[in-house]
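Here is a briefing for a reader new to this structure. Look over the sequence and the model, then work through the points by topic.

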Amino acid sequence: MPASPSTARVINDRLALRLLQSEGPLTAAQLKAMTGLSRPTVADLVERLQESGLIRIVGETGARRRGPNARVYGIVADRAHLAALDVRTQGVSLVVADLLGATLAEASLPIGTDTGTEPAVEQVAALLEQTARDAGAARLHSVGVGVPGLIDPDNGELRDSSGLPAWHRRLVAALQERLPARVVLENETNLAALAEQRAGAARDRDTFVFLWLGHGVGAALFLDGRLRRGASGGAGEIGFLPVPGTGGLPSASDCGGGFHSLTGSAAICELAQEHGLKAPESAGPGAAGLVAEAVASGQDAFLDVLAHRLSLGVAAVVSILDPGCVVLGGEVGLAGGAELASRVQDRLAELTPLPTQVRAGELGGAAVLQGALLTVRDRAQEDVFTQGA
């Protein structure tokens, strides 16, 4: 059945808004060409979207052209404001952005291990509120929060874990209580994978495995264009994977003896020490700095052992999922770059008959914030465009 006039208008408006979101400001003629709609229909939707406050004139094309056909229309970016938080064990970083995802303000805050739960929550919540004010955002539409740990798929809450600070779980509830905004919680590795898929090393892939290499190790699974979380939200808890060379086995409450024991930050630092490696201050702190220094100085022995360790976990995942592509992300993946990725790929080819490309992540630790912002930007645009169209 053909769509009713009102339904057709909604469909056309949403199509135009999506084009303006993805392509940037456009003229009516460009909208006509991209949508295939008639000139009168485009003129009507442009007028309608201007009246609803969703788009406005942002300029004109060509120095010699004047009039309606030369006007360039863009989405009203301050129609809604968003925030994204990357919550780590030792602190938090955050960004406030407009409806198009453009950064307006950003901040970070270390949280000491001796800080109590309520003081830590208050500090983070106050920092977000102040940063929003600095950005001119009187009200936040949505807040995306990336955290380590498992998200319960039934209620969207962070599951209790003895390995994480208590303020992590309390923070989300406090933000929901204090802010007139929708708070979206997601595992940090899943968000980083989303960012790499949308704007990083996996832009051309609908199916791939993302391996987070930071303080700990985790994985995210993109299969057929969808992020797969598992029945309990625990898909990708690769730190618990039993692998040879750890001298033990993991338990239900401790990933020691699992893949984490070979590839977590502490394990990489210990391996570097065994090879006499020390990272200069310019290379950055921790495991990422050591890996960057190893690549820069050609420390083949260290890189070969690290690649072998990584290939053990990657081979297990590849043998089950056959993703065709694995992205080494996080701070360590970025530091290792193409050099480490190539070594892992070579070693992997010796362990599995399944052809698998191994790529270095492009976004590093910043991927968590970017993924959180992409998540709430998409949801906010869906809300705003639906209400205004």
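Glu188 touches Asp86, Val87, Arg88, Gly146, Val147, Pro148, Trp212 and Val368, leaving out residues up to four places away in sequence; contact means heavy atoms within 4.5 Å. Glu188 is buried, at 11% relative accessible area. Buried means under 20% relative accessible area, exposed over 50%, and partly exposed in between, with a 1.4 Å probe and protein chains only.

This is a predicted model: local features need pLDDT of at least 70, side-chain atom pairs count only at pLDDT 80 or more, and totals for chains, interfaces and linings use all residues. Residues are numbered from 1 along each chain as its sequence is written, and side-chain values use heavy atoms, with hydrogens and water left out.

**Helix H6**

- Glu188 lies in helix H6, residues 188-199. Helices (H or I, at least four residues) and strands (E, at least two) are DSSP runs, numbered from the N terminus.
- H6 is largely enclosed by the rest of the structure, because 10 of its 12 residues are buried.
- Among the buried residues of H6 are Glu188, Thr189, Asn190, Leu191 and Ala192. Ala193, Leu194, Ala195, Glu196 and Gln197 are also buried.
- The 12 residues of H6 should span 16 Å at 1.5 Å a residue, and the end C-alpha atoms are 16 Å apart, which agrees. The expected span is 1.5 Å times one less than the number of residues.
- At the start of H6, a side-chain oxygen of Asn187 comes to within 2.9 Å of the backbone nitrogen of Thr189. A polar contact is a pair of N or O atoms within 3.5 Å; within protein, one must be able to donate a hydrogen and the other to accept it, and residues adjacent in sequence count only if both atoms are side-chain atoms.

**Helix H5**

- Helix H5 covers residues 166-178. Its 13 residues reach 19 Å from first C-alpha to last, close to the 18 Å expected at 1.5 Å a residue.
- Trp167, His168, Leu171, Val172, Ala174 and Leu175 are the buried residues of H5.
- Those buried residues pack against strand E4 (81-88), strand E5 (91-98), helix H4 (117-134), strand E7 (142-147) and strand E8 (182-187).

- Helix H1 (residues 5-23) has 19 residues, which should span 27 Å at 1.5 Å a residue; its end C-alpha atoms are 27 Å apart, which agrees.
- Buried in H1 are Asn12, Asp13, Ala16, Leu17, Leu19, Leu20 and Gln21.
- An α-helix has 3.6 residues a turn, so residues three or four places apart point the same way.
- H1 packs with helix H2 (residues 28-35) at an angle of about 110 degrees, and their axes are 11 Å apart. That makes H1 roughly perpendicular to H2.
- Axes are lines fitted to C-alpha atoms, for helices over the stretch in contact, and angles run from 0 to 180 degrees between N-to-C directions. Angles under 35 degrees count as roughly parallel, over 145 as roughly antiparallel, 65 to 115 as roughly perpendicular and the rest as oblique.
- On the H1 side, Leu15, Ala16, Leu19, Leu20 and Glu23 meet Leu31, Met34 and Thr35 of H2.
- Gly24 follows H1 and has a positive phi, near 90 degrees.

**Leu310 in helix H10**

- Leu310 sits in helix H10. Leu310 is buried, with a relative accessible area of 1%.
- Beyond four places in sequence, Leu310 is in contact with Leu211, Leu213, Phe259, Thr263, Leu340 and Val344.
- Leu310 and Phe259 are 51 residues apart in sequence, but their C-alpha atoms are 8.4 Å apart.

**Loop residues**

- His275 lies in the loop between helix H8 (265-274) and helix H9 (286-297). His275 is partly exposed, at 30% relative accessible area.
- The side chain of His275 reaches the backbone oxygen of Leu271 at 3.0 Å.
- Setting aside neighbours within four places in sequence, His275 contacts Ala301, Phe302 and Val305.
- Most residues other than glycine have a negative phi.
- Asp224 is not a glycine, yet has a positive phi of about 55 degrees. Asp224 is in the loop between strand E10 (217-223) and strand E11 (226-228), and is exposed at 64% relative accessible area.
- Asp322 also has a positive phi, near 50 degrees. Asp322 lies in the loop between helix H10 (300-321) and strand E12 (325-329), and is partly exposed at 41% relative accessibility.
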